[in-house]
Amino acid sequence: MESRLSLLSLSESTHQSPQNSGAKSSPSSVVSRLWRPAAQRNMKNQWSRLNSLRQEWVSSSSAARSHATSLVNAYLSQRYMKDMELGVLSDMADIQKKACLKLLKQQVLHQDKLISSYKDMVTTVVNMVNTSASMRCFLKGATNSPFIQFSSTSEDTNDNGDGGGIPVFTFYPISTFEKLAWEIVEMFKLELYLKRLLVIEFLSLRSKEDPINKRLCWLDEIYEGEFGNLSRCNLDHREAPESTFVQPNFQPDSDILQVYLTAWLTDVSIDKLRVDDIFSEVGEEMHFNYV
């Protein structure tokens, strides 16, 4: 984000009356005056982006659960195939074996789709982190140029990008907006960790027909580049939750898998009412309605 405001446009608003002909606007006051509208534009852009990202999460999470459900159904059908009544099909040679192989192909297909959706969710949280870290508005270039410019990146270690702590709109300084944004991001980061645990469980489902008999663990990379993306979210994949330490050959039954799918659906780490309240609060401060 970069904005420009001409110093010449300020001449009318700072025109000296005869009574105050000796008063002069200092450079700092000029910068402060022009900083606020630039900061407002950036703040609106970043919160709109954050709002879009939470919708992206919902879409990716819903797609992932759909693929996980199909994966689980394919796995359970293979697991209980030997107990199924096949009726007239029972006379067909190797019917159960052929059916299991077809179900295995479906399971592998949905594994790939689940990984893709999970990758989208990781990317969304990475973008949430970047957005929440981009709410400050920094002076760009020198103040003695014909234009005063602002940017979302700092060029001066003495510039905090917060306008000296003044309100951006009516009441809230930038630090308050940042605090609210990070509160949201922390919820999604925690939920991403839970989702990762569930993805590992779903990808570890193995049938007898599966030639790859390896169970994933917390320290395995789910897709290439995942650990780098998690680091950008300030998430350490080496910190494994205690619940990830399970028996290597453990295969959950249908009841446990249903619990996993239900846990995925509920987004247990995300307080949706609180997230809505934050967006409502921020929208009221900005005079903007986040739907």
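A residue is termed buried under 20% relative accessible area, exposed over 50% and partly exposed in between, for a 1.4 Å probe and protein chains only. This is a predicted model, in which local features need pLDDT of at least 70 and side-chain atom pairs count only at pLDDT 80 or more, while totals for chains, interfaces and linings use all residues. Residues are numbered from 1 along each chain as its sequence is written, and side-chain values use heavy atoms, with hydrogens and water left out.

**Overall architecture**

- The protein chain contains six helices and three strands, taken as DSSP runs numbered from the N terminus (helices H or I, at least four residues; strands E, at least two).
- From the N terminus, the order of elements is β-α-α-β-β-α-α-α-α.
- Of the 291 residues in the protein chain, 40% are buried.
- Contact means heavy atoms within 4.5 Å; among contacts between residues at least 6 apart in sequence, 77% link residues at least 24 apart.

**Nonpolar core**

- A nonpolar core is a set of buried Ala, Val, Leu, Ile, Met, Phe, Trp, Tyr and Cys residues joined through side-chain atoms within 4.5 Å.
- The largest such core has 62 residues, of which Trp 47, Leu 114, Phe 177, Leu 192 and Phe 202 touch the most other members.
- At least two core residues come from each of α1 (27–79), α2 (95–132), α3, α4 (226–232), α5 and α6 (272–286), and α3 gives the most, with 16 residues.
- Beyond residues up to four places away in sequence, the contacts of Trp 47 include Phe 177, Ile 184, Ile 278 and Tyr 290.

**Packing of α3 and α5**

- The axes of α3 (residues 174–203) and α5 (residues 254–266) come within 10 Å and cross at roughly 150 degrees; axes are lines fitted to C-alpha atoms, for helices over the stretch in contact, and angles run from 0 to 180 degrees between N-to-C directions.
- Helix α3 contributes Lys 195, Leu 198, Val 199, Glu 201 and Phe 202 to the contact, and α5 contributes Leu 257, Tyr 260, Leu 261, Ala 263 and Trp 264.

**Individual residues**

- Ser 60 lies in helix α1 and counts as buried because its relative accessibility is 11%.
- Leaving aside neighbours within four places in sequence, Ser 60 contacts Ser 117, Asp 120 and Met 121.
- Cys 137 is buried, at 1% relative accessibility, whereas Cys 217 is partly exposed, with a relative accessible area of 37%.
- The structure holds zero disulfides, a disulfide being a pair of cysteine sulfur atoms within 2.5 Å.
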